[in-house]
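User: Could you walk me through this one? I'd like to go piece by piece and ask as we go.

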Amino acid sequence: MVAASVTIQVESEVAAKRLWNALVKDHSLIAREMPELCTGVTFLQEYDIVNDSTGATEFSYVKERVDVVDEENFIYSYTDLEGGELGKNLKSAQFTLKMSPKAEGGSVVTHICNFDTLPGVPQEESKLEAMKAQLTALFKKMEAYVIANPTLYNA
């Protein structure tokens with residue numbers, strides 16, 4: 001078993017509050033804008049979410065537990081409970097998304113993924129770099145949507 005962490009940090013011209021409203025509060029945004037990744041979101045309990053990706057990726061779903069929703073500091077943390085890579089390559093996976101306002105406007109978005117691989121699954125630097133690239137591309141696509149829709153997510 002190998003414990004590892006992947007962190008991306010991306011600067012954005014979008015204010016932290018708008019990104020928070022889009023990425024954390026609009027639970028249908030990813031399904032709507034990236035159906036190849038996620039085809040729907042279902043709330044099982046107040047803080048349990050299932051991201052359905054049937055036919056969209058190599059796995060059919062990921063069940064997540066929301067651990068932290070800190071709207072004042074723009075921190076959202078969740079843990080994968082089942083599905084996805086759990087049981088295939090990973091023993092556990094925990095994610096934290098933080099939007100930090102910049103004094104001159106815009107924000108810095110930090111996305112951290114902490115995970116443990118299953119015994120016998122090696123940590124490959126190329127896979128970690130691919131994960132960083134995928135997380136960055138996902139964020140950039142969501143950011144572009146927010147920028148293209150300036151009247152959304154201002155509340």
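This is a predicted model: local features need pLDDT of at least 70, side-chain atom pairs count only at pLDDT 80 or more; totals for chains, interfaces and linings use all residues.

User: OK, helix α1 to begin with: how many of its residues are buried?

Analyst: Seven of the ten residues in α1 (residues 16-25) are buried, so the helix is largely enclosed by the rest of the structure. Buried here means under 20% relative accessible area, exposed means over 50%, and partly exposed is in between, with a 1.4 Å probe and protein chains only. Helices (H or I, at least four residues) and strands (E, at least two) are DSSP runs, numbered from the N terminus.

User: Which ones are buried in α1?

Analyst: The buried residues of α1 are Ala 16, Arg 18, Leu 19, Trp 20, Asn 21, Ala 22 and Val 24.

User: And how do α1 and α3 cross?

Analyst: The axes of α1 and α3 (residues 125-148) come within 11 Å and cross at roughly 115°, where axes are lines fitted to C-alpha atoms, for helices over the stretch in contact, and angles run from 0 to 180 degrees between N-to-C directions. The two helices are therefore roughly perpendicular to each other, on a scale where angles under 35 degrees count as roughly parallel, over 145 as roughly antiparallel, 65 to 115 as roughly perpendicular and the rest as oblique.

User: Which residues make that contact?

Analyst: From α1 there are Arg 18, Leu 19, Ala 22 and Leu 23, and from α3 there are Phe 139, Met 142 and Val 146, with contact meaning heavy atoms within 4.5 Å. The residues of this contact divide into six nonpolar, no polar and one charged. In that scheme Ala, Val, Leu, Ile, Met, Phe, Trp, Tyr, Cys and Pro count as nonpolar, Asp, Glu, Lys and Arg as charged, and the others, Gly among them, as polar.

User: Switching topic: how many aromatic pairs are there?

Analyst: The count comes to three aromatic pairs, under a rule by which rings of Phe, Tyr and Trp (its six-membered ring) pair if their centres lie within 6.5 Å, and planes under 30 degrees apart count as stacked, over 60 as edge-to-face and the rest as tilted. Tyr 76 and Tyr 78 form a tilted pair, at 5.5 Å centre to centre and with 40° between the planes. Tyr 76 is buried at a relative accessible area of 10%, and Tyr 78 is buried at 13%.

User: What about Tyr 78 and Phe 95, how are those rings placed?

Analyst: The ring centres of Tyr 78 and Phe 95 are 4.9 Å apart and the planes are at 15°, so this pair is stacked. Tyr 78 lies in strand β5 and Phe 95 in strand β6 (residues 90-101), so the pair ties together parts that are 17 residues apart in sequence. Ring pairs link Tyr 76, Tyr 78 and Phe 95 into a cluster.

User: Where is Val 6, and what does Val 6 touch?

Analyst: Val 6 is in strand β1 (residues 3-12) and counts as buried at 1% relative accessibility. Leaving aside residues up to four places away in sequence, Val 6 touches His 111, Ile 112, Cys 113, Phe 115, Leu 128, Met 131, Lys 132 and Leu 135.

User: Last one: is Glu 72 buried or exposed?

Analyst: Glu 72, which lies in the loop between β4 and β5, counts as exposed at 70% relative accessibility. The C-alpha atoms of Glu 72 and Lys 17 are separated by 9.3 Å, and the two residues are 55 residues apart along the chain.

How values were computed. Residues are numbered from 1 along each chain as its sequence is written. Side-chain values use heavy atoms; hydrogens and water are left out.
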